[in-house]
Amino acid sequence: FDPNGNHVIQRAIQIMSNFAKSAADHGDIDAAVNLMHQIKFIIDDVAANVEQLSKHRYGCRVVQRAIEYCPDEQRDEVLMKILSCHRNLIEDQFGNYVIQQALTIGSEEIITAIVESLTEGDAIFKFSKHKYASNVVEAMLTSATAHHKEAILSAMLKDFEGTCGIVQLAKDPIANYVVKKAIDCAEGQQREKLFAVITSNRQQLSQAPYAKYVLVKLGERRPSRTSRRNKGQDTARF
């Protein structure tokens, strides 16, 4: 938890883990095991206190370095502990960064569990409007595989409070950023549905201060009529 000491721990994890991986790559398994053993007391402590550390300004950095640099066995130990408390970290000021890191490194099991937490019931709307949890939703849209991204977008496109959830999110001072990220990341039929919903509610959205930014993003991502017409003409020549 120390503002200076955490940097020492981060470097110890990074350097010793890199040495262990290098030794293993060169076939020196005994050296790799020995190097891993030398930082075992650190990793054991991180795993045992992962929720408390993840919610701390400096502790969260140590957790992130552990899952970023540690060899598979030690990394997975920490990730499984994160999985056990991930619901408590999504909305946390510092814990959300640990969850974002887990999304880029974690196994299918871990990512699926986080997706299920984000999409359970109407949770996606609560998380998208939350200052810190919205970062996790955006990270999922950016880095997730196609089927996980589809699950997030499907949840956002559900009806919520009498209208399509995307419309409500677009009006929100925080969730509008999530909608803009969805516009950037959506593909195929979901992209078409997303664009259609926003377009059909353009008049309503144009009167909402934050939704105006969503309309601007939509205009940037949607080809103009002129470009579509020119594309059709180019195709006709052949």
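The model is predicted: local features need pLDDT of at least 70, side-chain atom pairs count only at pLDDT 80 or more, and totals for chains, interfaces and linings use all residues. Residues are numbered from 1 along each chain as its sequence is written, and side-chain values use heavy atoms, with hydrogens and water left out.

I begin with the whole protein. Its secondary structure comes to 17 helices and two strands, where helices (H or I, at least four residues) and strands (E, at least two) are DSSP runs, numbered from the N terminus. The C-alpha atoms fill a box of roughly 65 × 50 × 30 Å along the principal axes. Of the 238 residues, 46% are buried; buried means under 20% relative accessible area, exposed over 50%, and partly exposed in between, with a 1.4 Å probe and protein chains only.

I turn now to salt bridges, each defined as a side-chain nitrogen of Lys or Arg within 4 Å of a carboxyl oxygen of Asp or Glu. The whole structure holds nine of them. One joins R87 to E120, with the closest N and O atoms 3.3 Å apart. Because R87 lies in helix 6 and E120 in the loop between helix 8 (108-119) and helix 9 (123-128), this pair ties together parts that are 33 residues apart in sequence. R87 is partly exposed, at 49% relative accessibility, and E120 is partly exposed as well, at 47%.

A further salt bridge connects D184 with K217, at 3.4 Å between the closest N and O atoms. Here the linked parts are helix 13 (residues 175-185), which holds D184, and helix 16 (residues 211-221), which holds K217. D184 counts as partly exposed because its relative accessibility is 27%, whereas K217, at 17%, is buried. Salt bridges also link D72, R75 and D76 in a network.

What, then, of D92, which is buried yet has no salt bridge? The nearest side chain of opposite charge is K55, 5.2 Å away; in this count, Lys and Arg are positive and Asp and Glu negative, while His and the chain ends are not counted. D92 sits in the loop between helix 6 (72-89) and helix 7 (95-105). A polar atom of the D92 side chain lies 2.9 Å from the backbone nitrogen of F94. Beyond its neighbours within four places in sequence, D92 is in contact (heavy atoms within 4.5 Å) with S54, K55 and Y132.

Technical notes:
Polar contact = N/O pair within 3.5 Å; in protein donor to acceptor, adjacent residues only side chain to side chain.
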